[in-house]
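Here is a short note to read beside the model, written as numbered points. Please keep the sequence and the structure open while you go through it.

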Amino acid sequence: MKDIAIVAYQQSDGVSDAGAVNEVELIMPVLERTFTQARLGSAQDVDFVCSGSCDYLQGAAFAFVAGVDALGAVPPIKESHVEMDAAWALYESILKIRMGHAESALIYGFGKSSPGELPIVLSQQLDPYYLAPQWIDSISLAAMQARLMLDQGLITERDMAEVVSRSRRNAMSNPHAQLAGDVSPEDVLAQATYLSPLRKADCCPVSDGASAVVIATVEKAREWGLPYAIISGIDHRIETHNLGMRDLTDSVSTRTAAKHAGMQDGRVDVAELYAPFSHQEIILTRALGLGAETSINPSGGVLAGNLMMASGLSRIGEVFNRIVGGEAQRGVAHTTSGPCLQHNLVTVLEKA
Amino acid sequence: MSEEQEVVTVVNAPVYLQYNFTAGAAPARFLAQLKKGKLTGQRRAEPEAPVYSPPRGSCPASGRPTEQEVELSDKATVQSFTIVYIPIPGNVIEPPFVVANLVADGANISFIHLMSDCDNSEVHIGQRVQAVWKPEEEWDYSMDNIKYFKPIDEPDVPVEKIGKLSVTGQEG
Amino acid sequence: MSQPEVLNQAFELGYTYTRSTGPVIGRFFTELRNRNIVGIKASDGRVVVPPMEYDPDTAEELSEFVAVGQQGEIVSFAWVKEPRAAHPMDVPFAWAMIKLDGADVAMVHCVAAASEDAIATGARVQAVWADETIGYITDIRCFKLV
Amino acid sequence: MANLAAVVGIGQTRYTTKRQDVSIAGLVREAAVNALQDADLGWDDIDAVILGKAPDMFEGVIMPEVYLTDALGCNGKPMIRVHTAGSVGGSTAIVAASHVQSGTFKRVLTVSFEKQSESNAMWALSNPQPFSTHLNAGAGGYFAPIIREYMRRSNAPKDVGIKVAVKDRLHGARNPLAHLQKPDITMQEVEESFMLWDPIRFLEACPSSDGACAMVIANEELADQAVKQPAWIRGVAMRSEPTTFAGRDEVNPQAGRDCAADVYKQAGITNPRKDLDCAEVYVPFSWYEPMWLENLGFAPVGEGWKLTMEGATSLDEGGDIPWNCSGGVLSSNAIGASGMIRFAEAARQVRGDAGDHQVEGAKLALGHAYGGGAQFFAMWVVGSEKP
């Protein structure tokens, strides 16, 4: 199969409320920076465009249609959309390149979550007969997952606090982070519980924003003369929708996806994990078998800012940044969807 | 079988979500001008760039922001229309009513609005219309400040000129 | 160019959906209306409550209903200090994974408890029925500690 | 270049106003099981599932793949959800095909659905947004002015739309799955049906249906071993343009023309009317048949209506290029599935498996879907023979 590379990645600043900015206005500046980085004029200069968004974040159907207005799609372009995190839009784009129908693609994800009550909005992705009518918010589900781990002695509250502390400190060097600071585990543990056993700091913030990536065949990347990182593997897996039938203390689908993405074939210098809750980072780290040689979430991860529908794509972009920045040779990016890590996508990136 | 014993086959699931909608920057500028009784459009900051009204933030053909504001006339031309015979859910307007795609003088794109004070059977493509505004004290951040458009006594605009008139209308 | 103002307006996105249940969910709801709880037997023999229509492992249709108890044990829980407007209770409560007697798989429902200290993993709970049962998941108003 | 891929199984539900006997999962499942049975395969034979549907607000279930995992046997497999407005069924089939054409998977299941009865299609589409004029009279209100402009440009006789409405319902009467069963429909009945959005009459508009459609798509090796004639994918194309922009031709959108040119080139088609045996084209309002006849190059601009009036697109009149033999969107419209139904019905034709609406000897067929403000297009060409 063709080698495919990432050549550009941009993200907007994570903000809790983007205010008077609509979807197009959220996307345009990010795309402009992406085009500059990839030395492209517009979306006309790539062969395929794919995006990820969710209508319910802002409460209006066809959110992605507004996104097309940011592309300069005249003359018409080859374009598609997933109602998922844009990391799956990247997956779709990779298939398009592998089948020979494109040599390059622009992928973007965006979400303005601030207008709604996100944890309650997300309750409506649960079983529509048994769970959605109870309005079980996403944070409560994660809290039950955390307690399972605490009860079984798989983690301690201090382990969770350490995840938060590292995220805040790492985020200090991430200009787009929403939450950053020199926060110690003790500082976190001193906080009262929010949705017990979770503290507020264990939960990602709600953010508005967008991110974008440009991928291309390695031949094209070379032709463009751009620094790039190779996508050496990508795979995703979903699990049963019945939370009671899953082992919530583990992430089987993440492990399966990592295996199919070939993660085990080499050292992992950096990992960006889409863990909206601190204990989930530990689940993922263990499921992926990551050890001390791996720098986890150097960007701060989504605890530093969670751009719904873009965060998964951003994880891939952040690993790309570490590789082209010379800090890492090989890295893994993880994306999740659904409650308590139900659906997981793993991407392996390598230095060219 | 008594009602109690009947098997459940259908349930009602109320799904009500609350949002705090924020207009985008470009629409907010447009709406602020409407509140003052002015119809505006926006375009890329280039002399020949097309004028969009209502603006949504980008010039969709180019994907660039519409950074320049342009004042429009409240006279417009019928680009096309439909006569609606069924009620719109949640709207008080009684059918049949005319919903027209109108291009304001000075703009290059149509918006939809009501046409009234007219014989529905005489509405036609190229027809000239003008806004009928609500009383000033009722003006809000809304296109509904214009109650509807009504025909005016001006010659029809040839089809190839629709969407290309300047703010001074057919004279310009 | 005029200055943009931030224009906000609250709105409700809401519809009452009419959901047809199909035979499995319909049977569960019918039993709830009669204040009974049933589960369904999965391909590996585990009893799943509420009953799933399709087996997660084999993808086969499931059809063997099993009556389960109205009491069970808390497998895990989250303590909601500040209930949200959409939540079923307006005083602090818990969401819990509850394994009913006779079931092998936990279900998620709310549990009424006086305080966080009063509730624990492993605690026994009992279903509390709504005053009027209509054949819906909320017929179980909540679980209470026993 | 792309690996070969073919449709080896097709399954549909019947289409109807309300499927009150099944859950959402049950509806989707029914089409999937039918497709597996048609291919003589089981759940273990499927490597990945590609799901498509229109806005989540139709059923009020956000990202429904999360809940539909078990109904579609996905536990432990890849599952992806496509949404490209009304064209989604077609786009989903294309994304599914890319799973195989890329060489990444051997055999995948793709499913699309809508259970519109759970809500109401028009409500979801005309949900009033703050700060906007609430004049959105549904899809018909949007497309009626565009049809009016087509009528002006083409000078077509007033009864072209009526003729299409009759023709597609007569086709639908041959298809037991079709929602509307109107074997006795007449031009007069259509003409006398009440006006909704002038010039669109009630019987010139599509119904609102519940339903699902599924296909199994396999690689060359597995398709060669298929139990039934495979429908070989000869070309796939998608195009998008903004909803509105200055100078946009809404009647004959560039995106549709470009998309058709792309898919024809891949399939080696130079004269679609001559080279194709039939087409399943997304015609939710009757006048869109003549409009798309022109947009897709079956007729010169301004003359699409002539094909309709000559009976060229009618199976009953022995037309040379029958369109929508299944009854089309005018006979069944489960929005999220409608595009995939077009793609699947094109495949049924070249598999020689279209029952009473079979075009005899069909070897090459077009499947077409569009969405949004006629701005998103998805098309494929399928053939009975390997490319």
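Predicted model: local features only at pLDDT ≥ 70, side-chain atom pairs only at ≥ 80, totals over all residues.

1. Residues are numbered from 1 along each chain as its sequence is written, and chains are lettered from A and ligands numbered from 1 in the order in which they are written.

2. Chain A holds 12 helices and 12 strands, where helices (H or I, at least four residues) and strands (E, at least two) are DSSP runs numbered from the N terminus. Its radius of gyration, taken over C-alpha atoms, is 19 Å, close to the 20 Å that the globule rule gives for 352 residues, so chain A is as compact as a globular protein of that length; the rule itself is 2.2 Å times the number of residues to the power 0.38. The C-alpha trace of chain A spans about 55 × 45 × 40 Å along its principal axes.

3. Of the 352 residues of chain A, 74% count as buried; a residue is buried if 20 or more other C-beta atoms, placed from the backbone, lie within 10 Å of its own, exposed if 12 or fewer, and partly exposed in between. Among the contacts in chain A with a separation of 6 or more, 78% join residues 24 or more positions apart, a contact being two residues whose C-beta atoms, placed from the backbone, lie within 7 Å.

4. An automatic or database assignment sets the domain bounds, and for chain A it gives domain 1 (4–117 + 206–229) and domain 2 (138–203 + 233–351).

5. Which residues touch the most other members of the largest nonpolar core? They are Ile107(A), Ala94(C) and Val28(D), in a core of 393 residues; such a core is a set of buried Ala, Val, Leu, Ile, Met, Phe, Trp, Tyr and Cys residues joined through C-beta atoms within 7 Å. Both domains of chain A give residues to this core, so it lies between them. Leaving aside neighbours within four places in sequence, Ile107(A) is in contact with residues including Cys50(A), Leu90(A), Val213(A) and Leu313(A).

6. Chain A also meets chain D, with 50 residues of chain A in contact with 51 residues of chain D. On the side of chain A that touches chain D, H4(A) again has the largest share, six residues.

7. The contact between chain A and chain C takes 27 residues from chain A and 32 residues from chain C. Helix H6 (138–151) and strand E5 (193–196) of chain A each supply at least two residues of that side of chain A, and H6(A) gives the most, with six. Two bridges join E5(A) to strand E5 (residues 71–80) of chain C, and these strands run antiparallel; strands pair if DSSP finds at least two bridges between them. The bridge partner of Leu195(A) in E5(C) is Val80(C).
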